[in-house]
Amino acid sequence: MSSLSGGTGSLAGFTRLCKGMAVVLVGGHIVVQILPAAVNYLALIPARTIPFAWNLITAGYIEQTVYGVVISTIGLLFMGKILEPIWGAKEFVKFIFIVNILTSLCVFVTAIALYYIRMEENYLYMPLSGFYGVLSGFLVGIKQILPDHELPLVRIKAKWLPSIILLLSVIVSFFIPEPTAYLPMLIFGTYTSWIYLRFLQRRPETKFMGDPSDDFSFSSFFPELLRPIIDPFASIFARLCCGKRQTSSEAQDYELGDNPLLGSDPIEASRRRERGARALEERLAAERLAAAQTAQESGKDATESV
């Protein structure tokens with residue numbers, strides 16, 4: 001099966017929705033370059049979030065630097081090309097909206113807490129913005145759907161991408177002056193997206209929510225050696241998050257005897273990953289066929305012109 005990067009072979013494969021959102025990111029960057037004062041109203045500035053509460057939403061779509069808008073646009077196009085056809089446009093937009101606003105809320109609370117701990121006003125007035133939280137969430141989505149796909153050259157499985165990116169970001173944060181501008185967004189984007197996909201995402205094929213499989217547990221972000229230590233703490237959070245729903249599911253399974261409901265165990269999650277991998281492979285095959293047909297037509301046109 002083709003590697004994860006195989007889906008990046010053709011510009012025609014980018015979805016219309018992702019192209020539209022890429023225009024929003026580029027447009028937001030242009031606005032703050034032409035009108036620098038717009039940052040005060042569109043970026044997340046904790047001291048001004050009240051009454052400018054809309055910046056909890058707009059901050060995620062504002063890139064203040066050229067390299068930021070380039071990375072975010074490329075990440076959106078390529079990862080959206082994988083995720084949107086599998087999730088559907090509606091779920092894709094819903095995921096972006098939820099992860100973006102939850103990330104902004106967590107960053108806002110963290111900035112306020114850091115101010116009271118260190119009493120530095122920089123935490124209150126630094127304009128924070130960027131699509132990094134959603135991008136890290138996309139990596140978690142790819143980990144869920146296509147965990148065993150490998151990247152070329154480095155031969156790293158997709159399921160390790162969120163963990164590796166976070167680890168590298170933490171290491172880099174020790175060598176740059178303002179890690180607060182991006183690190184909290186990456187961390188909270190990863191965590192909130194996992195919470196949403198693990199416990200809250202509705203699956204149209206069943207009436208259950210989330211992904212209960214062991215392969216997508218919180219400890220799956222860590223090496224095997226650490227999982228026995230992490231699992232007990234993660235299970236406490238799981239009971240707090242969905243204890244009632246799990247109890248209800250167990251009761252229904254008990255009533256059905258040896259025939260548990262579809263989606264009440266990790267089998268359905270495995271099937272969903274298989275469907276995701278199959279959908280990706282079919283799309284890559286269609287793109288290769290379209291590219292071959294285009295090359296043949298170009299060859300015919302060249303021959304006729306000669």
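The lining of the largest pocket divides into 21 nonpolar, eight polar and two charged residues. Here Ala, Val, Leu, Ile, Met, Phe, Trp, Tyr, Cys and Pro count as nonpolar, Asp, Glu, Lys and Arg as charged, and the others, Gly among them, as polar. This is a predicted model, where local features need pLDDT of at least 70, side-chain atom pairs count only at pLDDT 80 or more, and totals for chains, interfaces and linings use all residues. Residues are numbered from 1 along each chain as its sequence is written, and side-chain values use heavy atoms, with hydrogens and water left out.

Of the 31 residues that line the largest pocket, Ile71, Tyr132, Leu135, Ile165 and Leu186 lie nearest its centre. Helix H4 gives the most to this lining, with six residues.

Now let us turn to Ser104. Ser104 sits in helix H5 (residues 89-118); helices are DSSP runs of H or I with at least four residues, numbered from the N terminus. The side chain of Ser104 reaches the backbone oxygen of Leu56 at 2.8 Å, a polar contact being a pair of N or O atoms within 3.5 Å, one able to donate a hydrogen and the other to accept it within protein, while residues adjacent in sequence count only if both atoms are side-chain atoms.

The table compares burial, where buried means under 20% relative accessible area, exposed over 50%, and partly exposed in between (1.4 Å probe, protein chains only).

| Residue | Relative accessible area | Class |
|---|---|---|
| Ser104 | 5% | buried |
| Cys18 | 0% | buried |
| Cys106 | 25% | partly exposed |

Notes. Helix = DSSP H or I, 4+ residues; strand = E, 2+ residues; numbered from the N terminus. 1 Å grid on protein atoms, 1.4 Å probe; cavity = no way out; pocket = protein on both sides within 12 Å on 5 of 7 lines; lining within 4 Å.
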